[in-house]
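Hi there,

Here is the structure I promised to pass on. Have a look at it first, and my notes follow below.

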Amino acid sequence: MRVGLGRGSGELYTQVSAAGEAALAVVRAVDERFRQWPSGPSQDEVKELEHEADRVVSELISMTNTLFVTPFDRDDLITLAFAIDDVADAAENAAELLGLYGVETATKQSFELSALLVEATEELALLLSELKTLRGSSERIVKIKSLEDRGDDVARAARASLFRDDRIDHVIVIRWKDIYEALEDAIDSCDTAAHLVGNILVKNA
């Protein structure tokens with residue numbers, strides 16, 4: 001059973017929600033960077049949003065460590081905070097590879113993956129905003145898992161397409177393989193965070 005909530009628990013829920021929104025801001029900028037490449041948000045703009053997401057997560061961890069009583073297990077909350085941070089980090093990494101690898105034109109598959117990433121992160125942000133009122137489970141966790149499965153399928157097909165065409169330069173193959181995997185990692189991170197929320201809900205049902 002949940003222990004009685006100490007003063008400040010409401011602020012903790014607010015900070016968890018803020019962490020989700022900060023990660024979503026990064027992901028939306030990354031999606032725009034892919035769709036508008038080579039224009040759109042610069043990597044510096046994406047990086048600035050990622051730094052803000054880091055700051056929000058750091059505040060969440062600090063708040064979790066200093067509250068006398070937390071609504072959930074302290075270690076579970078900290079693990080969740082790091083998982084949310086992983087979403088922003090992986091998304092920012094994918095965006096950085098566009099410039100690092102000197103990509104000329106983004107691919108249809110990268111658009112599909114970035115769109116799935118946005119949808120998964122939107123669901124995660126909503127899930128985190130509802131954490132205070134959730135009991136036992138949430139349909140959003142199932143939906144995020146479904147999006148993660150779709151992301152795996154798209155990424156797998158995208159990588160396979162690189163090796164089917166002998167005309168594609170091997171360097172291009174390696175570059176896009178890395179980019180697809182980075183986008184897939186970000187989607188996977190959403191699923192990991194949602195799974196952790198699910199575990200928290202089960203433990204405290």
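Is the crossing of α1 and α3 left-handed or right-handed? It is left-handed. Please keep in mind that this is a predicted model.

Let me stay with that pair for a moment. The axes of α1 and α3 come within 9 Å, and they cross at roughly 15°. An angle under 35 degrees counts as roughly parallel, so α1 and α3 are roughly parallel to each other. On the α1 side, the residues that meet α3 include L12, A19, G20, A23, V26 and F34. Their partners in α3 include L77, I84, V87, A91, A95 and L98.

Next, α1 and α4. Their axes also come within 9 Å, but the crossing angle is roughly 165°. That is over 145 degrees, which means α1 runs roughly antiparallel to α4. Here too the crossing is left-handed. Among the α1 residues in this contact are V16, E21, L24, V27, R28, D31 and R35, while α4 brings in S110, F111, V118, E122 and L128, among others. The contact of α1 with α4 divides into 11 nonpolar, 6 polar and 5 charged residues.

The crossing of α3 and α4 is left-handed. L80, I84, V87 and A91 in α3 meet L117, T121, L124 and L128 in α4. This contact holds 7 nonpolar residues, 1 polar and no charged.

Now for the core. The largest nonpolar core has 68 residues, and F34 and W176 touch the most other members. The elements that each give two or more residues to this core are α1 (9-36), α2 (43-66), α3 (74-100), α4 (108-129), α5 (139-164) and α6 (170-203). The biggest contribution comes from α6, with 15 residues.

Best wishes

How values were computed. Residues numbered from 1 in each chain as written. Predicted model: local features only at pLDDT ≥ 70, side-chain atom pairs only at ≥ 80, totals over all residues. Heavy atoms only, no water. Core = buried A, V, L, I, M, F, W, Y, C linked by side-chain atoms within 4.5 Å. Buried < 20%, exposed > 50% of the residue type's maximum accessible area, 1.4 Å probe, protein only. Helix = DSSP H or I, 4+ residues; strand = E, 2+ residues; numbered from the N terminus. Axes fitted to C-alpha atoms, helices over the stretch in contact; angles between N-to-C directions. Parallel < 35°, antiparallel > 145°, perpendicular 65-115°, else oblique. Left-handed = near helix turned anticlockwise from the far one by under 90°. Contact = heavy atoms within 4.5 Å. Nonpolar A, V, L, I, M, F, W, Y, C, P; charged D, E, K, R; others polar.
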